Amino acid sequence: MKKLKKLLYLSLMGICTLSIGGCGSAKNHKPYVAVITKSTGSTFWKSVFAGAGAAATEYNLDITMEGADSEEDYEQQNELVRQAVDNGAEVIVFSAVDFDANAQAIDEAAQCGVKIVVIDSDVNSAYVSCRIGTDNIEAGRQAAEAALFAEDEKLYVGIVNYDVHTANGQQREQGFREVMEEDGRVEEIITINVLSTMEDAREGTKKLLKENPRINVIVTFNEWTSLGVGWAIRDMEASDDIHVVAFDSNAVTVGMLETGEVDALIVQNPYAMGYLGVETAAALANGNNVEQEKVDTATTIITRENMFEPEYQKVLFVFDE
């Protein structure tokens, strides 16, 4: 109950060099926490950083907040992990580009004594102290629930997913398929994987629809791919023909929800991920145990029918740049 109240509060706030040389040993007068994310440019990650920064101020931490240049660049992430260890990080708050390819760097950091907290996207490491973020399988099921509001008698479904090695996207697709494959209206489900960029998702969606003209439902699972799908639907003037379920909230996708290119948004709570990730890091840096090994920051289905209701406005605009 205490954790639930904390999540509710956050929603409303929104408002080892890893080489032969050994582990880094530099220490600061305050605990140093490194937040390393999949990228930095989206509204989602800016909201994560806002939450992380607020927690760092509250708990009197030194903090760095960095991410890869693209959401496919696990090698750059691994280098950021190595640099954080070399600079004396006591805790790394991490969102993995690649479930497996980031694992060795995280394991080596932990073997140097660095505590690991995962937010958003998981890494294949036994050294993680706490995992904080969306219950991705449940979020996928929510996407399916929203997709089944499509009025067509038979559903031909396209999935525009991102990197096959990123855990959260695969888990969301798993949950989505579990529900859709049990529904008798669903005739076919086709998945494409694109780069996690607006441009690649836009072109991939157009190609998917041209090659599969029967598709009348599309689902996609993060902010960049949601933007790309929305723009493709607008480019092809297909908003009346295709029911679109997308993820995350920014000014453009909320506008597309209003104008019809998107029919539902599955909205996460990135501010809470950042805040709780750093709050947990503070506890670990001070020698305390974490209360929970897994924390669900919750998701909400937003549609044109409910988007202007006050409680859903708070979910859509938790973080205002």
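The model is predicted, so local features need pLDDT of at least 70 and side-chain atom pairs count only at pLDDT 80 or more, while totals for chains, interfaces and linings use all residues. Residues are numbered from 1 along each chain as its sequence is written, and side-chain values use heavy atoms, leaving out hydrogens and water.

**Exercise 1.** Find the salt bridge of Glu173 and work out where its two residues lie.

Step 1. A salt bridge is a side-chain nitrogen of Lys or Arg within 4 Å of a carboxyl oxygen of Asp or Glu. The side chain of Glu173 meets that of Arg177 at 3.0 Å, N to O.

Step 2. Both residues belong to helix H6 (residues 167-180), four residues apart, about one turn of the helix. Helices here are DSSP runs of H or I with at least four residues, strands are runs of E with at least two, and both are numbered from the N terminus.

Step 3. Now check the cover: buried means under 20% relative accessible area, exposed over 50%, and partly exposed in between (1.4 Å probe, protein chains only). Glu173 is buried at 9%, whereas Arg177 is partly exposed at 23%.

**Exercise 2.** Compare where the partners lie in the salt bridges Lys207 to Glu211 and Arg234 to Glu261.

Step 1. For Lys207 and Glu211, the closest N and O atoms are 2.8 Å apart. Both residues lie in helix H7 (residues 198-211), four residues apart.

Step 2. Arg234 and Glu261 pair at 3.0 Å, N to O. Arg234 sits in helix H8 (residues 223-235) and Glu261 in the loop between helix H9 (251-259) and strand E10 (264-267), so this pair ties together parts that are 27 residues apart in sequence.

Step 3. Arg234 is partly exposed, with a relative accessible area of 34%, and Glu261 is buried at 8%.

**Exercise 3.** Describe helix H10 and what follows it.

Step 1. Of its 16 residues, 14 are buried, so H10 is largely enclosed by the rest of the structure.

Step 2. After H10 comes Gly287, with a positive phi near 80 degrees.

Definitions and conventions:
Expected span 1.5 Å × (residues − 1).
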